Amino acid sequence: MDYSRRKFLAGLGATTMFATAGVAGTSVIQTLVIDGKRYGMIHDETLCIGCEACVDACRETNNVPEGVSRLEIIRSEPRGEFPNADYQFFRKSCQHCEDAPCVNVCPTGASFIDKKTGIVDVHADRCVGCMYCIAACPYKVRYIDPVTKSADKCNFCRDTNLAKGQLPACVQSCPQQALVFGDLNDPNSEIVKTLQQKTIYRYKKHLGTKPKMFRVPDLKGEIEL
Amino acid sequence: MMESLQQALHFDSLVWHWPIAIYLFVLGISSGAMCLALFIKWKLPSAEKAAKNPLIKAAAILVPSMVIFGLVILVFDLTKPLHFWKVIVYQFANPTSVMGRGVTLFIVYQITTFAWIALVFRKELETLLARFMPWAMKILGILWLWDLIAKVERQLEFVIAILAVLLGVYTGFLLSALNSYPLLNQPVLPLLFLASGLSSGIAATILLATTFFSANAKTSGMTLSHRLEQPIVWSELALLIILIIGMNFGGEMDKVSIDAAISGGFWAGVFWVGVMGIGILLPLMMNQITSIKVKHSNAFILSSAVLTLVGVMSLRMFILYAGQMTPA
Ligand code: SF4
Ligand code: SF4
Ligand code: SF4
């Protein structure tokens, strides 16, 4: 039942429950901290070289079938002239939204936010494959697993590497250390320190999803009007 | 042409396909037919007449069968159809899921509308039961149940009216809950779908009543149906205009999305020809320029009903597909 309580906190119930607890007006971010860790990730686009080692590592560690992928590295059009051309890279994967549209729409509670870690995950058993979550995700990172027929996506290796106390496979495999993973609630964690030092942005933040995927932009001052 | 049709029906950001449009379409018919049946019954002098009225008969068939049909489509559209029961068992796991609340609504709506139908056609059903299952009347205490429902008839009808309206707006909320697609994430969508659902419900009821229960222009309730149709079509037109203008006043993606939808390509064609032309303007015009005599002919009644249905189905397809063309 833990995910339904989670939903309750994140959803309408929050007003009533927290009003009685005397902390009305606290943001959802704070309510989600109650149970402990809150994992997030940084993709440093200035360090990424587009080698896609992360993509392969993820597939292997999480047994992701061919034809679908939990993450993609999207390469931009070349910037500049050969031989000095370079590219920008964008990581397309679950943002682990704090106000997650996929969780909000799911009719069965199969999509949930794990309250111990803040990780957005799917109970494959509970999922009926209505695809509402896939439509609702503004980042278009969800898919139907061709084997289980359930919705699936990146879960920060919650049941694989993380369960073994290791860093997510993509983070481990990156030769550039372009990926930083850690607990946003821990002020001494590498991720919090990096966030304090670097300029970051979050994708489609205006939709109110509160994504926990942070990005260091590799933009060289070009403004298109 | 083939290639552009391919592109119009298959693109990357498309998640929900045409079965969902049919699902939304038939639920709208059920909602509209129920509202119409209640209106007519309230206007009729006695309950006795309600059971004989072709429009009410047609609605009594459409209301439950369309919901069941819609649910069958939904179940087979799941990637795991055999697990559909989880949607019912776990429907309250996520109290704010529009689809979850839809499931709750279907259940309550189906039970209450069946009770209402049983009440309206009590005599007929009793005769049937007495003939084929005389034992059922005694064992199941059905007569007692009937009396109970009869006592709360007014209240039941009031509740059903609300549920039917909720079913109509539900079809819109299901899509407007998606802030991942600007054209779907519009507050007028539930109203637009309610209005078009009413249109299609009235049209389908008239169609069935005329073809199967020999209704014609003189059937009581027919004039009322036509009188209801007019303002509903006008409000659909108004809501569509509000949607288009409103999105042009909106943010960047609102503008991009409405522009992509209506100003070129296959779905713009569906919108201007199917939704606007066939579904709204043609019926409005036909109503303006034809004489009373023509209007009272069955051919006219049937053809305007068909036009309306084509228009409403086009609207469902248009919103679903054009909506998913542009992600936020
Ligand atoms: S990115 Fe998509 S799948 Fe991931 S939590 Fe957000 S809405 Fe859900
Ligand atoms: S596809 Fe599965 S996880 Fe997604 S909304 Fe439907 S039931 Fe929930
Ligand atoms: S965190 Fe794990 S599941 Fe997510 S992309 Fe990296 S390797 Fe895949």
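This is a predicted model: local features need pLDDT of at least 70, side-chain atom pairs count only at pLDDT 80 or more; totals for chains, interfaces and linings use all residues.
Tutor: A strand, as the word is used here, is a DSSP run of at least two residues, numbered from the N terminus.

Student: Is A:Thr148 buried or exposed, or does it fall in between?

Tutor: Partly exposed is the term for a residue between the 20% limit for buried and the 50% limit for exposed. Because its relative accessibility is 40%, A:Thr148 counts as partly exposed. As for its surroundings, A:Ala124 is 24 residues away in sequence, yet the two C-alpha atoms are 7.3 Å apart in space.

Student: Which residues of helix H4 in chain A are buried, and what do they pack against?

Tutor: In helix H4, which covers residues 53-61 of chain A, the buried residues are A:Cys54, A:Val55, A:Ala57, A:Cys58 and A:Arg59. Their packing partners, also in chain A, are strand E2 (71-75), helix H7 (169-173) and strand E8 (179-183). After the helix comes A:Asn63, which has a positive phi, near 55°.

Student: How many residues surround ligand 1, and how many surround ligand 2?

Tutor: Ligand 1 is surrounded by 14 residues, the closest being A:Cys94, A:Gln95, A:Cys97, A:Cys102 and A:Cys137, and its shell consists of ten nonpolar, two polar and two charged residues. Ligand 2 has 13 residues around it, with A:Cys106, A:Cys127, A:Cys130, A:Met131 and A:Cys133 the closest; ten residues of that shell are nonpolar and three polar, with no charged residue.

Student: How should I read the interface, and what area do chain B and chain A bury between them?

Tutor: The size of an interface is often given as the accessible area lost when the parts come together. Here chain B and chain A bury about 2500 Å² between them, of which 62% is on carbon and sulfur atoms. On the side of chain B, the residues that lose the most area to chain A are B:Val15, B:Thr79 and B:Lys80, which together account for 22% of what that side buries. Counted by contacts, 28 residues of chain B touch 33 residues of chain A.

Technical notes. Residues are numbered from 1 along each chain as its sequence is written. Chains are lettered from A and ligands numbered from 1 in the order in which they are written. Side-chain values use heavy atoms; hydrogens and water are left out. Buried means under 20% relative accessible area, exposed over 50%, partly exposed in between (1.4 Å probe, protein chains only). Helices (H or I, at least four residues) and strands (E, at least two) are DSSP runs, numbered from the N terminus. Contact means heavy atoms within 4.5 Å. A residue is near a molecule or strand if one of its heavy atoms lies within 4 Å of it. Ala, Val, Leu, Ile, Met, Phe, Trp, Tyr, Cys and Pro count as nonpolar, Asp, Glu, Lys and Arg as charged, and the others, Gly among them, as polar. Buried area is the accessible area (1.4 Å probe) that two parts lose on being put together, summed over both.
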